[in-house]
Amino acid sequence: MITENVLCRSDMIRCVLCTDAPCTSVCTRLDPASILRSIWFDNEKCAAAKLPDTNPCIECSAPCETACLRCGQVPVRELIDRMYDEIRPALDAAAPQNEERLKTSICGVPLENPFLLSSSAVSATYDMCARAFEAGWAGAAFKTISTFDVHEASPRFSAIYGNDGAITGFKNIEQLSDHSVEENMAVFRQLKENYPSKVLIASIMGQNEAEWEQLAAECEANGADIIELNFSCPHLTDKGYGSDIGQDAEAVRRFTAAARRGTQLPILAKLTPNVNTMVPMAQAAREAGANGIAAINTIKSVTNVNPHTYVSAPAVHGRSSFGGYSGLAVKPIALRFIAEMRMEKELSDMELSAMGGIETWLDALEYILMGANSLQVTTAVMQYGYRIIDDLKAGLNYYMAEKGIRHIADLVGEGIDSLSANPDHLEKDSVLFPRFMQDRCIGCGRCVVSCADGGHQALHLNNDRRPVLDGKKCVGCHLCILVCPQKAIRPSSTRIIRNPQ
Ligand SMILES: Cc1cc2nc3c(=O)[nH]c(=O)nc-3n(C[C@H](O)[C@H](O)[C@H](O)COP(=O)(O)O)c2cc1C
C-alpha cells in the first residue's frame, strides 16, 4: 500500500532535519538523522528495509534524544521502534542492491537516474552543480544564460507555510544568471571535464533570433548535452521576453527555429504555465525542431500582503512586484499541463521533462505516470538541500523493486488512459458512500460541520458523538473523508446505483 504511510511528518513532532545532526553524531549504531529524513520524504519503507536485523534501540538510553537541538522533543527512539514493529514486518521487498532500474535517458542522452536540478538558484555555479553531482543528481539545467545586464532585488523571495512548518509555496522575483556568457562557458567546460557522465542542460534566453542561435551554438561548443530554451521566465515580461514568448506560439516557433540553426543538440522548450494550455506552444516548438518540452516554470503570483504596510512580499523599499510561484502548491497545476501534453497525439514523440513541486519520490512518480520522461527540481532543494536526492532515488527504486518494474520507461504515461480532460466523460450513475470506522473516530464532528456547511447535510452526531449518515441525502462527494483529522472515514468498497427519482 503506497498511499497511506504508517509514519509521516506529523509523527516527527519537532524534528527540523538539521545539518550535521547531533542525533547521528552521538549514535554508534545507526544514522537517526537519515532515518528521520526518510520518514519526512515518504521513504520510510526503504529506510526500514536497510535497518540491521535486530533493533539497536532496545536497551539504549537514547542519547540521540538528549543531544537533539530540540532536546527531548523528537521521539527518535520511538520512531525507530515503530520502523521495526510496524513497517519492517509488512515489507514486500528487500532494499535494492543497486540503482540499475533508475537508469533512463533524456532526448537520447543517458541519465543515471531521472532526477535533475532545474535551471535556477540551485544550479548557478560550478561548485553548486559539482556538489549536486557528487550527491547523486544525474544532471543539471544550469541557471539561464543570457546577455542581459542582470541586477537582482533584495529580498527576492517569499514563502507560504503548511501546518507542518514546511514551505508549501515559494515566490521569487529572481531573474537570470548574473555571470557573463564567457564565465558560464568556462564553468560548462570544467563541469564536463570533471563530470563527463552527468548531463548538462544549457538554459538560454536570447534577446533576438541571432542571439538565440549564437547562445545555442556557444553552449554546444563548450560541452552542453542539451539546450533548454527559456520561454517562460515571468520576470522579464515588460521587455517582451521570457513568459511573453511562451504565450505566443509564433514567437516560440521563431526562436526555437533560431536556436535549431545554432545547434545539433537536442532542444527542450521550457514553457510557461501562465497560459490556458501549453499545447499550441509545444506544437510550434516541435515543428521548429525542438525534441521536448520542459515544464512548468513558475506561476505569476502575489503573496503575503502585509496588513499594516499594505505591501506584498518580498517588499523592496516599500514596493513589490508579481513574481513566480513554485513548490509543492503548484504540483497539481503542473501535473495537468504535463498530462495534457502527454494526451496530445501530435506530441507523442516529444520528451517531457517535468517539474513543479517535486519533493519526494511519490511526487516524482505522479509526474512519470502522467507522462514525464525526466524530472527537475528547484524549490525542494532550496528548502532542504541537495541531500533530498538520497530519498528521491531510494524511494523510487524501492517502489519499482516492490512492483517488479525494471525500467522507468515502463511507467511513463501509465496514468493517462484513466484520465479525462472533462468530468462529463465520467460515469455518474452510481455513488460511493463513506464508511465510518468507529474505533478511530474521536467524535470531533468535523465531518458533520463540513457536510452541513459545504456538503449535503447528510451527517449528524449521535448521543455518543459518532457520525450517523443519512443515505438519502448523501451524494458520495467524500468531503467528510477529506476533512477527517483522524482518517477515520474511508470510501465503501462497492458503488451503489443511484436511486432513480
Ligand atoms: C529562485 C528561483 C530561480 C529560478 N530561476 C530560473 C531560471 O533562471 N531559469 C528557468 O528556466 N527557471 C527558473 N526557475 C524556475 C524553476 O526552474 C522551476 O521551473 C520552478 O521553480 C518549478 O519547479 P519547483 O517547484 O521544483 O521549484 C527559478 C525558480 C526559482 C524558485
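## Overall architecture

Of the contacts in the chain between residues at least 6 apart in sequence, 72% join residues at least 24 apart. The model is predicted. Buried residues account for 44% of the 501 residues in the chain.

The chain contains 17 helices and 20 strands. Its radius of gyration is 25 Å, close to the 23 Å given by the globule rule for 501 residues, so the chain is as compact as a globular protein of that length. Along the principal axes, the C-alpha atoms occupy a box of roughly 75 × 65 × 55 Å.

## Helix α5

Helix α5 comprises 12 residues, 76-87. At 1.5 Å a residue, α5 should span 16 Å, and the 15 Å between its end C-alpha atoms agrees with this expectation.

Val76, Leu79, Ile80 and Met83 are the buried residues of α5. They cover an arc of only 100 degrees around the axis, which means that they lie on the same side of α5. The elements covering these buried residues include α1 (22-26), α2 (32-40), α3 (44-49) and α4 (63-67).

## Ligand surroundings

The ligand is surrounded by 27 residues, of which the closest are Ser118, Ser120, Ser326, Thr378 and Thr379. At least two residues of the shell around the ligand come from each of β4 (139-145), β6 (167-172) and α14 (379-384).

By residue class, the shell around the ligand consists of 15 polar, nine nonpolar and three charged residues.

How values were computed
Residues are numbered from 1 along each chain as its sequence is written. This is a predicted model: local features need pLDDT of at least 70, side-chain atom pairs count only at pLDDT 80 or more; totals for chains, interfaces and linings use all residues. Helices (H or I, at least four residues) and strands (E, at least two) are DSSP runs, numbered from the N terminus. The expected span of a helix is 1.5 Å times one less than its number of residues. A residue is buried if 20 or more other C-beta atoms lie within 10 Å of its own, exposed if 12 or fewer, and partly exposed in between; C-beta atoms are placed from the backbone. The arc is that of the directions from the helix axis to the C-beta atoms. Two residues are in contact if their C-beta atoms, placed from the backbone, lie within 7 Å. A residue is near a molecule or strand if its C-beta atom, placed from the backbone, lies within 6 Å of it. Ala, Val, Leu, Ile, Met, Phe, Trp, Tyr, Cys and Pro count as nonpolar, Asp, Glu, Lys and Arg as charged, and the others, Gly among them, as polar. The radius of gyration is taken over C-alpha atoms; the globule rule is 2.2 Å times the number of residues to the power 0.38.
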